[in-house]
Amino acid sequence: MRSHDIAETVKENTDYFPIFLLKIIIIITIIGIIEKCSHSVFVGGYDMNLYDVTIIGGGPAGLYSAFYSGLRSMKTKIIEVQPVLGGKVNIYPEKILWDVGGLPPTQAQQFVQNLVDQAMTFLPTVCLNTKVEEITKQGEIFVISTDSGEVHYSKTIIVAVGGGILNPIKLELAGAKKYEMANLHYTILGLQRFRGKKVLVSGGGNGAVDWAVELLSVAKEVVVVYRKEQLTAHESQVEKLKEHGVEIILQAEIQSLLSNSHKTAIEQVIISQNGEEYPIDVDDVLICHGYNREVSLSFADDIQPVRKDDYYLVSQGQCKTSIPGVFGAGDVISYDDKVNLLLGTFQDAALAVNNAKMYIDPKADQYAMVSSHNDKFKEKNQEFFKKTIR
Ligand SMILES: Cc1cc2nc3c(=O)[nH]c(=O)nc-3n(C[C@H](O)[C@H](O)[C@H](O)COP(=O)(O)OP(=O)(O)OC[C@H]3O[C@@H](n4cnc5c(N)ncnc54)[C@H](O)[C@@H]3O)c2cc1C
């Protein structure tokens, strides 16, 4: 057996952000909405950078909040730690989404593009590559400190950080890291790369089994290796693997990786099962062992929101947290009957924004005007008809 050293568990996320994501950044840059997130500038005693709403997290909940906040005429900023918007959906860019209301089956990367386009309708300020570290309060104003040392000021905050900053749990095996440039993967950025290949998928939860199912359409062969007695993913997905005769090796795990003669890629995976070891030839290896959650966002002692499981913000109704002026949307907010799906993020976002509006202006309407009666869309509707009706 080969000598073991510990593979790095935190990965430089460069391989998570392929060309289509770069395109999103370019589009945003072209329309001139990414501002250099600067320190506040005070002019005549007025803070030029005071926002009505600052949304922390640019995933689906944050993006829809930005749209809705613009609809309610609030000066809006999104702060996102990654170099791109879209949140967790960027983990599964090729997946086809079937379960978002009003949307025919759509690839996740297209869904992200749609979300971003919609979020930019009212030109919010967007700060990318910016990790929010601490929220404090000075008088009535929230002060948002970031990893770059920059400080942002806001009347209200919508926390939309999902499950935190996610880093895939790496394979802790000798030399594993060097294969990441070749055929060791932690997610799938494009299915075509696996056409005609034999792929070993390690893991048995939803992430692993969903990918194994997707791979069936292109791969020559898929093998699933899992350490537990049963796969723990949704039954219907597990059934699909069985129907396709996928080899599922249970109570087994990857023991070591053997490289080709050039030492550039993995050629064989050594599996251990019930005290025995045996090799499996592979073209590619996909590791789906879950994610480490980095929780970087904290609140000052005097504005500690009520949490569940030391993380989730507990809604006090209508996506309000226990701290007046701080709202939550998406996976981070917890309440009974919560739907932790994309569709649930939209409802949360609307509630959070409407309540932020009323926090700033208690006389404001509780709800935004619907599209059909909303003057904000008059001009935009005309542009839309010009473009689409010939
Ligand atoms: C593999 C997989 C498949 C899925 N498939 C489906 C599906 O088919 N249908 C469905 O409806 N749902 C699906 N989901 C669930 C769906 O993706 C989530 O419910 C949704 O992304 C939640 O959106 P969000 O905006 O709340 O959080 P996220 O998408 O997690 O976005 C949160 C954002 O906040 C950022 N952030 C975190 N901390 C900070 C910080 N301190 N400072 C700045 N930014 C920060 C993160 O970088 C991230 O961009 C799937 C999830 C996974 C993991």
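The shell around the ligand in this predicted model consists of 17 nonpolar, 14 polar and five charged residues. There are 36 residues around the ligand, and those that come nearest are Gly57, Gly59, Gly87, Gly162 and Gly330. Two or more residues of this shell are given by each of the elements α2, residues 60-71, and α6.

Let me turn to α2. This helix has 12 residues and reaches 17 Å from its first C-alpha to its last, close to the 16 Å expected. Is α2 enclosed or open? It is largely enclosed by the rest of the structure, because 12 of its 12 residues are buried. Among these buried residues are Pro60, Leu63, Tyr64, Phe67, Tyr68 and Leu71. The partners against which the buried residues of α2 pack are β3, β4, α3, β10 and α6. After the helix comes Ser73, which has a positive phi, near 60°.

I now come to the annotation. In an unreviewed UniProt entry, the annotation "binding site" covers Glu80, Lys88, Tyr92, Val132, Leu166, Asp331 and Ser372.

Val132 is found in strand β8, residues 132-138. Val132 counts as buried because 23 other C-beta atoms lie within 10 Å. Leaving aside residues up to four places away in sequence, Val132 touches Ile56, Ile79, Ile144, Thr146 and Leu297.

Ser372, by contrast, lies in the loop between α6 and α7. Ser372 has 7 C-beta neighbours inside 10 Å, and therefore counts as exposed.

Technical notes. Residues are numbered from 1 along each chain as its sequence is written. This is a predicted model: local features need pLDDT of at least 70, side-chain atom pairs count only at pLDDT 80 or more; totals for chains, interfaces and linings use all residues. UniProt positions are given in the numbering used here, feature names are shortened, and annotations may be inferred rather than shown by experiment. Helices (H or I, at least four residues) and strands (E, at least two) are DSSP runs, numbered from the N terminus. A residue is buried if 20 or more other C-beta atoms lie within 10 Å of its own, exposed if 12 or fewer, and partly exposed in between; C-beta atoms are placed from the backbone. Two residues are in contact if their C-beta atoms, placed from the backbone, lie within 7 Å. A residue is near a molecule or strand if its C-beta atom, placed from the backbone, lies within 6 Å of it. Ala, Val, Leu, Ile, Met, Phe, Trp, Tyr, Cys and Pro count as nonpolar, Asp, Glu, Lys and Arg as charged, and the others, Gly among them, as polar. The expected span of a helix is 1.5 Å times one less than its number of residues.
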